[in-house]
Amino acid sequence: MPVAEATISVMDRGFLFGDGVYEVIPVFGNKLLRPDGHLKRLQNSLDRISLPNPNDDDTWLNIFDDLLARNDGGDRAIYLQISRGAYQKRDLGIKTEYPPTVFAMVLQVVAPDIEKVSAGISVITVDDFRWAACDIKSTSLVANVMLKQQAVTAGVDDAILIKNCMVSEGTASNVFVVKNDVLVTPPTGHKLLPGITRDLVIEIAESNTILVEERELKEAELYTADEIWMTSSTREIAPVISLNSEAVGAGTAGDMWKRVMDLYQQYKQQLRSSNEKL
Ligand SMILES: Cc1ncc(COP(=O)(O)O)c(C=O)c1O
């Protein structure tokens with residue numbers, strides 16, 4: 001049905017408590033980007049909040065297939081949200097007799113204009129005051145909203161989150177640093193969301209003989225980095241050219257960014273032209 005006609009109960013726990021999880025899956029041509037990775041992360045999010053998965057992977061893929069067929073277009077993304085459903089009473093306790101609420105829609109995405117993207121973004125560092133369960137792709141995003149607003153108020157594009165002098169991630173992205181031709185990104189765990197774009201960037205880099213280190217990244221390393229990138233499904237790979245009002249490296253998108261961004265675009269193009277089923 002049209003999004004404007006879709007409704008949910010005001011008693012839905014997704015609405016009352018942010019008690020739910022979600023995924024955003026990019027689609028190029030008619031091909032989902034990394035469906036297995038997204039469905040695995042969805043399962044992890046559901047397991048972590050003790051919400052049984054209402055569908056197996058094949059059923060999800062059929063739902064996505066159907067949704068894409070009804071919303072034809074070029075590059076798109078699927079938004080999927082599962083909440084713990086609407087209970088009769090507002091009560092934190094989990095009851096298993098209520099079915100979850102499942103909502104999926106197709107988002108139209110504008111392909112990033114490479115020239116614009118290569119102009120880079122400006123960011124600030126902010127204190128990561130979030131909880132110790134950031135690997136859950138939770139719909140409770142108020143902390144991320146507050147952190148993003150700090151960047152907006154400072155007149156920059158985004159923020160890099162710092163916990164105990166260590167980099168965790170962006171407000172809606174993962175962070176990479178390039179130093180002496182080596183790519184460094186913080187390891188997955190409870191401090192950050194395991195980004196699918198992050199995985200893909202690591203894979204693309206390694207298969208092109210670029211060294212990658214997944215290790216704790218000190219905030220101090222940001223200030224001596226040759227390049228800093230922020231990665232996500234919607235942003236792809238954004239080069240950071242200014243950090244806390246200081247230039248990053250030469251103050252322009254770096255050579256390593258150009259190389260990996262080019263490989264990433266090739267990957268997308270292959271996906272668009274591949275004939276495999278979803
Ligand atoms: C907090 C956070 N970290 C990282 C990411 C990047 O994840 P992905 O590459 O799967 O889009 C996102 C995406 O929305 C995010 O919200």
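How far does a polar side-chain atom of Thr-197 lie from an oxygen atom of the ligand? I looked this up first. The distance is 2.6 Å. I note at the outset that this is a predicted model.

**Entry: contacts to the ligand**

I went on to other polar atoms around the ligand. Ile-196 contributes through its backbone: a polar atom there is 2.9 Å from a ligand oxygen. Lys-137 uses its side chain instead, with a polar atom 3.1 Å from an oxygen of the ligand. On its own the ligand has 380 Å² of accessible area, and the protein covers 90% of that.

**Entry: the shell**

I counted the neighbours next. The ligand is surrounded by 15 residues. The closest are Arg-41, Glu-169, Ile-196, Thr-197 and Ser-233. Sorted by class, the shell holds 9 polar, 3 nonpolar and 3 charged residues. Helix α6, residues 196-206, supplies at least two of its residues, and so does strand β11, residues 227-232. Then I looked at the site as a space. The ligand takes up the largest pocket.

**Entry: aromatic pairs**

I turned to the rings. The count is 5 aromatic pairs. I picked out one of them, Trp-60 with Phe-64. Is this pair stacked or edge-to-face? The ring centres are 6.2 Å apart and the planes meet at 20 degrees, so the pair is stacked. The cut-off behind that call is an angle under 30 degrees. I checked where the two residues sit. Both belong to helix α3, which runs over residues 57-70. They are 4 residues apart, about one turn of the helix.

**Entry: backbone angles**

Most residues other than glycine have a negative phi. Ser-50 is not a glycine, yet its phi is positive, at about 55 degrees. I found Ser-50 in the loop between α2, residues 35-48, and α3. Asn-244 also has a positive phi, near 45 degrees. Where does Asn-244 sit? I placed Asn-244 in the loop between β12, residues 236-243, and β13, residues 246-247.

How values were computed:
Residues numbered from 1 in each chain as written. Predicted model: local features only at pLDDT ≥ 70, side-chain atom pairs only at ≥ 80, totals over all residues. Heavy atoms only, no water. Near = heavy atom within 4 Å. Polar contact = N/O pair within 3.5 Å; in protein donor to acceptor, adjacent residues only side chain to side chain. Areas by Shrake-Rupley, 256 points an atom, 1.4 Å probe, with all protein chains shown as cover. 1 Å grid on protein atoms, 1.4 Å probe; cavity = no way out; pocket = protein on both sides within 12 Å on 5 of 7 lines; lining within 4 Å. Sits in = over half its atoms within 2 Å of the grid points. Nonpolar A, V, L, I, M, F, W, Y, C, P; charged D, E, K, R; others polar. Phe/Tyr/Trp six-rings, centres within 6.5 Å; stacked < 30°, edge-to-face > 60°.
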